[in-house]
Amino acid sequence: MRTQVRTTLIAALSLTLAVCGRAPATETAEPGGETILVVDNQSTLQVTVYALRDSQRQRLGTAGALATTRLRIPDSLVFGVTSLRFQVDPVGSRRTPISEQIIVSAGEEVRLVIPPTFR
């Protein structure tokens, strides 16, 4: 079974994040494998990352500044094809931007890019 990589770009515009694009992966994954969020934090702020599904918000973990972090998306959030949004809460900031919806399937790898200009 093929795993797909999806890319989401956080644009530091008001309180929203923008979906940048999606690219299929060439890797193969085990059926029912882990669903992973890869956070490429290019900013100088450490962020706490949440997954949002409908009215449910679940903390995925922390992504360090100027680092790439792999966070597991719990199976309880992803079953079949699921619409998710991601929220980032920068340490020391009052802003908590939220991405647009992205379709995620179990076993996929989703990429979230936080640009260096994010404040």
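These legends walk you through a few close-up views of a predicted model.

In this predicted model, local features need pLDDT of at least 70 and side-chain atom pairs count only at pLDDT 80 or more, while totals for chains, interfaces and linings use all residues. Residues are numbered from 1 along each chain as its sequence is written, and side-chain values use heavy atoms, with hydrogens and water left out.

**View 1. Glu34, Arg72 and Asp75 are linked in a network of salt bridges.** A salt bridge here is a side-chain nitrogen of Lys or Arg within 4 Å of a carboxyl oxygen of Asp or Glu; the whole structure has four of them. Start with Glu34 and Arg72, whose side chains meet at 3.3 Å, N to O. This pair links distant parts of the chain, 38 residues apart: Glu34 sits in the loop between strand E2 (16-28) and strand E3 (35-41), and Arg72 in strand E6 (residues 67-73). Strands (E, at least two residues) and helices (H or I, at least four) are DSSP runs, numbered from the N terminus. Now find Asp75, which forms a salt bridge with Arg72, the closest N and O atoms being 3.4 Å apart. Arg72 is partly exposed at 37% relative accessible area, and Asp75 is partly exposed at 46% (buried means under 20%, exposed over 50%, partly exposed in between, with a 1.4 Å probe and protein chains only).

**View 2. Arg111 and Asp40 meet in a salt bridge.** Their side chains come to 3.3 Å, N to O. Arg111 belongs to strand E9 (residues 109-114) and Asp40 to strand E3, so the pair ties together parts that are 71 residues apart in sequence.

**View 3. Strand E4 (residues 47-53) is largely enclosed by the rest of the structure, because seven of its seven residues are buried.**

**View 4. E4 pairs with strand E5 (residues 56-63) and is joined to strand E7 (residues 81-90).** Two strands pair if DSSP finds at least two bridges between them. E4 and E5 are antiparallel, with seven bridges, and they form a hairpin with two residues between them. In the turn, Asp54 has a positive phi of about 55°. E4 and E7 also run antiparallel, joined by six bridges. Val47 is a handy landmark: this residue stands opposite Ala63 in E5 and opposite Pro90 in E7.
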